[in-house]
Structures are given as C-alpha cells and as structure tokens.
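Reader: I have the chain loaded and would like to go through its architecture with you. Could we begin with the strands and then turn to the aromatic side chains?

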Amino acid sequence: MKDPISFVEEKVKERAKETSNIKSAIIFDMDFKPPRILIRSELNKVTNDLADYVNLNLPRHIIIYGSKGSGKTLSALTIASAFRESKSIPYFYVNARENPTSIKIYRKLTRIDSRGHDIDEVKSRFDSMLSGKSIVILDEVDFLQDYDILYHLTRHTRANLILLTQKVYWYKDMNDESVKSSLQPDHIVFHEYSSDEIREILKMRADEGLNKYDKESLGLLSAMLVRDYRSDARIGIKALEIIGRLNEWDDDSVRTALKQAYVEVEGETLKNLGDRDLLILAALIKNQDTNRAYSEVSASGNMLLRGVSKSTFFQSVNYLQNLGLITLIKKKIGRYYTMESQILLSDASIVSGELKKRT
C-alpha cells in the first residue's frame, strides 16, 4: 500500500527523467503552427496571387493540391496569418470534412447555430463579414457535398478563396460549370518534399523542441521518410518526438520510431473509420480490381456487408479515396474498362491490425 500523493509524486519524477530531452512538447503537436516554416518554391505563386489581390482588389482564387503531410494547411494558414498581421486582411478557415455542406460552413463562419435563424439571415451576416478584403481557406474541399458556398463566395463577396485538396482531379471532375466560371482558379501543386526539405523541417522542430539531437540521424530519418513514407512530414515530426523522448539516435532507433509514428498517424485515420468502410478497405487491399472486390464483399458472410449494393460499395470506395487511403485508376482489360484501386498506405498490415482490435 502506498500513500496516493507519494505515488503520484514518484511517477511525476520518474516521467520527468524519461522526458528530460523534451524542451517543448507543443512543438510536436500536429496542430502546432511554428513561427518559422519552410518557404517552399510553390509558395511564391500563392503569395504573388494574394499580393495582387491586396494591391488590385481583384480576387485571385487558388487551389492547392498535395498529398497528406505536404504542408498545404500549415502553409496556407501561415501565409494568410502573415497577410493579416502585415496588411490587416482577415482570414477564415473551415475544414470541409467536418463541415461538408454549404449551410454548415455558413453557420460555422458566422457562429450562428440553427435555432431561431433562417439561412437568409445567416447569409446576410456572412456577406457583412466578407464585405471587404478577406481570405477564406476551405480545407479538404473535396468533401463538399454541394457547391453553393463556392458560388456564393465568388459571386456575392470579394473574398479570395484558397481551396486545399489531395485530389488532383477534383476541379476537373466538378460538374458545376457556373461555379467553374466564377472561380477560374490558379492551380498549384505541392510536390512531395525532398530529403533536404524534410531535413530542414525536422531540424527546425528539433531546434525548438529538443535539448539534444543528432544531425546525422536527422539525415537518415529524412531519407527513410522520403523513400518509405511518401515524404509525409506528419510522420517525420511524430518520429522525431519518439526518438527525442528516448534520446537514442542509432539507426535501429530511427527505423523503430518511424514504424511507430506511421502506426500512430495513419492508425488514427483507420480508428475513425466505420466498420463497413474498414472491411471494404481490407477487400480492396486483397483485390485491387474494384469489381472483384465488390464480388467478394457481396458474397461475404459478415453481417455488416450482407446485402451491400454496388452503389453503396462505391460510395465507400470514393470516401476512402477522399481520405487519401486509396486512389482509383481507370484500367483497360481487353475491350472493357475497370476501376482499379491503388493502396496509398505504406504498410497495409495496419488495416488487418485495426480489424483484429475490433473482433
């Protein structure tokens, strides 16, 4: 038996020793916005467009494409914040995955809930907020279920839109010509980080967040991240935190930390998937041809998959694509075309691991 206060104090001291190399834990938070960022070459075009907007009062709408961990959100927020500080241009940010309809976005930005306020009143408040120059950032815009918000912003406000998406064909596949006509965006692609760029990002985080680190190990971490994990900076930052806590910088520690970081970062996405979507993802890993995968799903004895229609199956497939877990490729087999799923997970075994947790 121990006195609870003594027990807690011992634990605090014990953990303090184990985390003594962490100078600032917030540096490794995925939502942390560092005071300095890597100014990648693509940001020149983004900033030029926004500078023209400030000088000419003519919106230059922008779509930024890029894979997970390519710095889209952080770059857009940081540049918008700099315009707010230097030129008094306010900015507004909404994630479309969390707010997938135009009405939800209107209410999110105006902070007017649904009780006692009709949509016309909400839109009126919205237009008043955006009557002057402003920047509106819509993240994961491919999750939008309707385009009224885009039409309204381009036709009834002077806001400059920055739209962020992983899907390089999102705009091309948009079936609303009136929105396209109003938007007329500049298309900017964020390439996957190079090893040098990743190393610079991790060095900035290590300088701010750790008391000690090994520069050569940062080089190995960066190279492995580019080679095996699609240059995903989120995984690199999480791995750096894991290594930094242990303060062990040998090659095996770097490899182990990367594997653990990958499971934590991508595992969070899988953890939030519904059971049926997770099962369909597992079927696509086994059979990348979507027709074969559907045949397996429809023949499954699993209660969650029994009776799943083809339209429901492909709704799930499109959702998995929006999440960046797969991408669909049109492939010709003989005289016919089929959709093949390319799995974007660096280690697909984490899907079976998540399924095991649920059984």
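Reader: Which residue in β4 is the bridge partner of I63?
Author: The partner of I63 in β4 is L163. Please keep in mind that this is a predicted model. β1 and β4 run parallel and are joined by four bridges.

Reader: And which residue in β5 is the bridge partner of I64?
Author: I64 is bridged to I188 of β5. The pairing of β1 with β5 is parallel and comprises four bridges.

Reader: Are the faces of strand β1 covered or open?
Author: Both faces of β1, residues 62-65, are covered. I62 and I64 are buried on one side, and I63 and Y65 are buried on the other.

Reader: What is the strand order of the open sheet?
Author: The order of the five strands is β2-β3-β4-β1-β5, with parallel pairing. β2 (91-95) and β5 (186-189) have a single partner strand each, so one side of each has no neighbour in the sheet. On average, neighbouring strands are turned by 15 degrees against each other, direction ignored.

Reader: Which helix packs on the sheet at β2 and β3?
Author: That is helix α4, residues 102-110, which touches both strands. The direction of α4 makes about 135 degrees with that of β2.

Reader: How many bridges join β3 to β4?
Author: Four bridges join β3 (residues 135-139) to β4 (residues 160-165), and the two strands run parallel. Within this pairing, I137 of the former strand stands opposite I162 in β4.

Reader: Let us move to helix α6. Which of its residues are buried?
Author: In α6, residues 148-156, the buried residues are I149, L150, H152, L153 and T154.

Reader: What do the buried residues of α6 pack against?
Author: They pack against the strands β3 and β4 and against the helices α4, α5 (119-129), α7 (170-173) and α8 (177-183).

Reader: Now the aromatics. How many aromatic pairs are there?
Author: The count comes to five aromatic pairs. In one of them, Y106 and F126 have ring centres 5.0 Å apart and planes at 80 degrees, so the geometry is edge-to-face. This pair links distant parts of the chain, with Y106 in helix α4 and F126 in helix α5, 20 residues apart. Y106 and F126 are both buried.

Reader: What is the geometry of the pair formed by Y229 and Y262?
Author: Y229 and Y262 form a tilted pair, with 5.4 Å from centre to centre and 45 degrees between the planes. Y229 lies in the loop between α10 (215-228) and α11 (233-246), whereas Y262 belongs to helix α12 (residues 251-271), 33 residues apart.

Reader: Why does Y229 count as buried?
Author: Y229 counts as buried because its relative accessibility is 11%, and the cut-off for buried is under 20%. Y262 is buried as well, at a relative accessible area of 2%.

Reader: Which residues form an aromatic cluster?
Author: Y294, F313 and F314 form one cluster.

Reader: Where does the charged end of K180 sit?
Author: The charged end of K180 sits over the ring of Y171, 5.3 Å from the ring centre.

Reader: Finally, the whole chain. How many helices and strands does it have?
Author: There are 16 helices and seven strands. Of the 359 residues, 46% are buried. The C-alpha trace spans about 65 × 60 × 45 Å along its principal axes. The accessible surface comes to about 19000 Å², and carbon and sulfur atoms contribute 49% of that surface.

Note on methods:
Residues numbered from 1 in each chain as written. Predicted model: local features only at pLDDT ≥ 70, side-chain atom pairs only at ≥ 80, totals over all residues. Heavy atoms only, no water. Pairing = 2+ DSSP bridges. Axes fitted to C-alpha atoms, helices over the stretch in contact; angles between N-to-C directions. Contact = heavy atoms within 4.5 Å. Buried < 20%, exposed > 50% of the residue type's maximum accessible area, 1.4 Å probe, protein only. Phe/Tyr/Trp six-rings, centres within 6.5 Å; stacked < 30°, edge-to-face > 60°. Lys NZ or Arg CZ within 6 Å of the ring centre and 35° of its normal. Areas by Shrake-Rupley, 256 points an atom, 1.4 Å probe, with all protein chains shown as cover.
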